[in-house]
Amino acid sequence: MRTTPRTTSGRVAAILAGAAAAALVLTGCSSGSGAATGGGGGGEVSGSITLQTWALTPTYTDYLNGVVKAFEKKYPDAEVKLVDQPGDGYAEKVLSQASSNSLPDVVNLPPDIALPLAKRGFLQDVAKDDSTLGKTYVEGALAAYRYKGVDGTFGYPWYLNTDIDYWNKTMFEQCGLDPENPPATTDELFDQAATMHEQCPDDYLMSRKPGLSDFSLAGVKILNADGTKFTFADSSKAADLISKYAKAYQDGLMPSSVLNTDYLGNSTLFTQGKVAWTTGGATAISDFEKNNPSLKGTIIVSPALDNPPLYVQGLSVSAKSKHLATAEALAAFMTNAENQEEFAHLVNIFPSTKSSQSDPFFSEDDGTVHAKARVLANDALKTAKNLNPVEANSAMTDFLDQQIALAMKGGTTPEKALQTAQTKMNTLLANG
């Protein structure tokens with residue numbers, strides 16, 4: 001199951017985007033039976049369809065079978081065959097299915113895998129047949145399945161996750177910072193990082209370089225209107241942000257290893273007690289404490305800086321399904337509030353349904369830092385957005401990352417680094 005940032009590996013996303021250009025084009029491209037509600041477009045819900053999930057069995061087999069049986073009880077003329085694919089090679093598997101006209105009727109797709117399929121007409125615009133989407137699902141989750149240059153909504157949001165901020169209270173107190181008032185914005189992060197460095201030269205608050213999500217938070221326009229060209233280098237805000245990070249790095253506000261190829265990541269450094277800040281999901285605190293018991297009682301939590309990120313999994317419907325109404329009805333049924341809440345009580349995810357945000361399991365704080373983390377993440381989903389455009393695959397972001405590192409070291413100017421990256425990324429986008 002995929003609940004972490006960047007729902008597919010960048011390598012797989014790149015392969016999908018590149019291969020789809022060739023392979024997909026070659027293909028041309030209540031109880032009882034009755035009309036579906038919340039999906040199905042009023043058509044008859046009957047016939048046999050296939051539901052494909054991604055790395056959910058055997059752990060969640062009982063849950064999935066239970067939902068399927070409930071659907072078949074509601075629509076006795078419908079039959080659902082459940083197929084689960086392993087985690088590795090999933091994007092290539094979906095690509096092969098689409099190119100051979102054997103895409104399952106309902107398929108578990110994150111937004112980045114769904115994108116090339118939607119562009120080539122393999123996925124149904126579910127908004128055409130379901131007028132309840134906007135009332136049912138949080139806006140950020142729906143927006144993740146709407147793509148530049150393509151009209152429609154190409155997935156029912158299923159389960160979600162987001163990040164919150166984790167801070168080391170002990171390091172704050174020792175280094176002149178107020179643990180009751182951690183940074184709430186990127187600007188405050190830089191200010192407090194400078195204070196920590198002044199008080200504790202060998203300790204660090206910051207331990208990362210910026211990327212596309214940071215450009216989004218800074219108000220930089222990353223893509224043009226139809227999603228065919230990257231435009232971030234055209235904004236002075238992007239260069240200003242890199243300059244700010246470069247100065248912080250050169251002033252010693254972050255570990256020198258941040259720009260190394262063997263950099264461990266801020267989550268690992270936080271767990272080791274070497275930096276005072278990291279981001280993570282609502283349950284990350286359990287891993288921090290498990291991997292370093294000395295952190296227990298020293299971690300405080302707060303909302304993500306500026307605007308929370310959104311990580312989405314969804315259920316898309318094949319535009320070529322022989323039983324389209326049944327497929328749409330199943331996708332809507334599986335992602336309704338009741339079924340999503342049951343799933344989210346079993347695993348560390350959040351429902352995409354608006355009504356679920358008032359569920360006490362997600363919304364009530366029992367006074368522990370673990371519960372506070374869950375409540376903060378639940379609240380964040382109201383405004384969370386996909387900050388990394390799905391058009392940017394790993395080959396693109398890796399090249400951008402290299403250019404940003406070069407600029408932060410002083411090997412080139414931020415403007416030149418951004419322009420070099422944008423030119424390369426647009427070439428990759430055009431060829432994808």
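**Close-up 1. Arg208 and its salt bridge with Asp214****.** In this predicted model, Arg208 counts as partly exposed, at 21% relative accessibility. That value puts Arg208 in the middle class, because buried means under 20% and exposed means over 50%. The side chain of Arg208 meets the side chain of Asp214 in a salt bridge. From N to O, the gap is 2.8 Å. Asp214 has a relative accessible area of 9%. Asp214 is therefore buried, since the cut-off is under 20%.

**Close-up 2. The salt bridge of Arg146 and Glu139****.** Look for the closest N and O atoms of Arg146 and Glu139: they are 2.7 Å apart. This pair counts as a salt bridge because the limit is 4 Å. How exposed is Arg146? Arg146 is partly exposed, with a relative accessible area of 37%. Glu139 is partly exposed too, and its relative accessible area is 43%.

**Close-up 3. Lys247 meets Asp251****.** The two side chains form a salt bridge, 2.7 Å from N to O. Is Lys247 buried or exposed? Lys247 has a relative accessible area of 54%. It is exposed because the cut-off is over 50%. Asp251, at 38% relative accessibility, counts as partly exposed.

**The wider count.** How many salt bridges does the structure hold? There are six. Among them are Arg208 with Asp214, Arg146 with Glu139, and Lys247 with Asp251.

Conventions. Residues numbered from 1 in each chain as written. Predicted model: local features only at pLDDT ≥ 70, side-chain atom pairs only at ≥ 80, totals over all residues. Heavy atoms only, no water. Buried < 20%, exposed > 50% of the residue type's maximum accessible area, 1.4 Å probe, protein only.
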